[in-house]
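Please read these notes with the sequence and the model open side by side. They are meant for someone new to reading structures.

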Amino acid sequence: MTVQKLDNNMTNVTHDMNKTGGASAPAVSLKNAQVRFGDLTALENIDLEVEAGAFITILGPSGCGKSTLLRLVSDLVPIADGEVNVFGQHVAAARLAREFAFVFQDSTLLPWRTAIENVRLPLEIGAKHAHKRPKAKSEKSAEELLELVGLKGRENALPHELSGGMKQRVAIARALICKPRLLLMDEPFGALDEITRDRLNEQILKIWQETKTTILFVTHSIPEAIFLGQKVLMLEANPGRVRELIDIDLPYPRELPIRETQEFNKISRYLREVLETC
Amino acid sequence: MFIKFFKKNWLPLFTTSMIFVIWELGIQIFGVPEYIAPAPSSVFATLVEERDTLWRNFLPTLFESLAGFVVGNFIAITLAIAFVHNKMVEKAFFPIAVFVNTIPILAVAPVLVLIFGNGIETKVIIAALICFFPTLVNMVRGLESVSGQMIELGRILSATKPEFFWKIRLQSSLPFLFSALKIASTTCVIGAIVGEWVGADIGLGSLIIEATFNFRSPLLYATVIVSSGLAVILFISVSVAERLIIKWKPEHSV
């Protein structure tokens with residue numbers, strides 16, 4: 001219901017977007033954004049500008065609104081006050097244009113579809129709005145994407161035949177099929193074992209470098225936040241606000257041994273101190 | 001193949017045949033008259049001798065059970081879909097559905113005979129009534145088994161309501177639906193037989209009544225075996241359909 005209502009309201013915005021949504025617009029821009037759930041203020045005074053192509057990781061104590069921030073940007077949660085734009089467009093217009101994709105903590109694969117059929121799901125759904133997606137963004141083939149995430153040969157496996165890490169890689173391939181300019185990831189590796197998580201961390205950096213997509217990545221893990229991000233956005237709780245935006249001055253391409261360096265540990269110690277006072 | 005089957009299932013086969021042996025011996029040793037309890041040998045003999053009578057009465061019951069199964073489940077599924085899409089409908093009709101379910105089927109059967117007469121419709125309605133509630137409850141649960149993140153995925157992909165229903169919700173409900181259909185496949189036979197008890201001149205239910213009143217115990221037992229055979233056939237059909245349709249495993253974690 002709500003989705004359809006929004007869609008109708010957004011038709012005008014969609015037309016405008018072609019003019020305003022140029023390459024110069026920031027990937028995500030939040031101005032004094034607020035989100036409320038009833039009496040509870042989940043996010044307050046959020047000012048943030050993410051340039052296109054950036055990799056930002058988001059850290060913070062539980063209940064600080066990390067996930068809410070991603071859901072605000074992806075048009076899942078309405079804004080109470082302030083402004084939120086994705087590539088200079090209203091979030092609903094950006095959603096219809098498939099400017100962004102979302103990877104959840106749960107792989108959310110359809111268990112009756114094979115890996116490749118799951119990757120193709122976004123092409124079969126929301127067809128009504130397909131014309132709103134820019135034509136230049138021709139879709140990558142599902143086979144290529146499964147190869148990109150290292151699942152060549154498992155195209156016809158059903159989700160229950162895949163491990164947790166593999167399922168999450170299928171979910172990433174599905175997110176990439178419409179070539180989103182912005183990838184929102186909500187603790188995508190939070191439920192995986194450490195070794196799988198490490199491997200996927202390296203892989204996501206490779207995907208980021210190959211696709212040049214902007215990534216917002218929510219995590220609980222300090223090492224993961226440092227290893228992946230160009231910047232770490234630290235949020236504090238009650239109400240959720242931006243505490244600090246920390247630059248991570250470690251050169252790319254990064255590989256796992258970087259986590260043993262002194263610089264890495266220094267940043268890690270600093271983040272832990274900040275996190276404890278949030 | 002027979003040897004393999006025997007090797008795998010020798011234990012239940014053994015216990016079952018032991019029951020028959022003890023039953024047969026008990027009847028012989030204590031000299032129980034046939035009209036009180038027939039020996040298994042005489043029941044099997046009746047199954048063969050009276051196969052025409054049994055077959056003639058089997059067909060109407062089969063038809064009533066199947067028709068009741070289809071009607072009852074169809075209404076239950078439709079109502080479940082309405083419930084899930086409109087909470088007002090659920091609020092309006094769910095208490096009625098619960099109430100209908102609490103009326104003993106034996107009490108409602110005569111009422112239906114009064115309204116719809118002694119024909120086949122009454123039996124179909126009773127069979128449908130008995131299938132209805134478990135399927136309604138399970139189907140609602142199945143349709144609501146879609147996770148919150150899956151719903152969010154649908155929103156991000158700008159899925160319309162029909163798209164979300166056909167591509168995601170309906171498929172997710174299938175494991176729940178089939179567990180309900182398995183229950184219904186056996187209860188619909190009970191419904192049809194109860195309907196025949198109340199008033200019918202043909203069908204397994206009326207044959208049970210007739211055999212009882214005439215002290216034809218072997219025929220009574222044979223009819224009971226055929227009735228449960230009917231339920232088993234329907235149950236197996238649903239199980240086979242389930243295995244053909246659901247080749248995947250529902251998942252509850254990452």
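The numbered points below cover the interface, a helix pair and some backbone details.

1. The model is predicted, not determined by experiment, and the points below should be read with that in mind.

2. Begin where the chains meet. Chain B places 20 residues in contact with 27 residues of chain A. Two elements of chain B, α7 (148-156) and α8 (161-198), each give two or more residues to the side that touches chain A. The largest share of that side, six residues, comes from α7(B). Sorted by class, the side of chain B that touches chain A has nine nonpolar, six charged and five polar residues.

3. The crossing of α6(B) and α8(B) is right-handed. In the contact of α6(B) with α8(B), 19 residues are nonpolar, ten are polar and four are charged.

4. Next, the backbone. Most peptide bonds are trans, and most residues other than glycine have a negative phi.

5. Which residue is joined to A:P239 by a cis peptide bond? The partner is A:N238, and omega of the bond is about -10°. A:P239 sits in the loop between β9 (231-236) and β10 (241-247) of chain A.

6. A cis peptide bond also joins A:Y252 and A:P253, with omega about -10°. Look for A:P253 in the loop between β10 and α9 (262-276) of chain A.

7. A:K179 is not a glycine, yet its phi is positive, at about 45°. This lysine belongs to the loop that runs between α6 (164-176) and β7 (182-186) of chain A. Is A:K179 buried, exposed or partly exposed? A:K179 has 18, so it is partly exposed.

8. B:S158, again a residue other than glycine, has a positive phi near 55°. B:S158 is found in the loop between α7 and α8 of chain B, and these two helices are the elements named in point 2 for the side that touches chain A. B:S158 has 25 other C-beta atoms within 10 Å and is therefore buried.

Note on methods. Residues numbered from 1 in each chain as written. Chains lettered and ligands numbered in written order. Predicted model: local features only at pLDDT ≥ 70, side-chain atom pairs only at ≥ 80, totals over all residues. Contact = placed C-beta atoms within 7 Å. Helix = DSSP H or I, 4+ residues; strand = E, 2+ residues; numbered from the N terminus. Nonpolar A, V, L, I, M, F, W, Y, C, P; charged D, E, K, R; others polar. Left-handed = near helix turned anticlockwise from the far one by under 90°. Buried ≥ 20, exposed ≤ 12 C-beta atoms within 10 Å, placed from the backbone.
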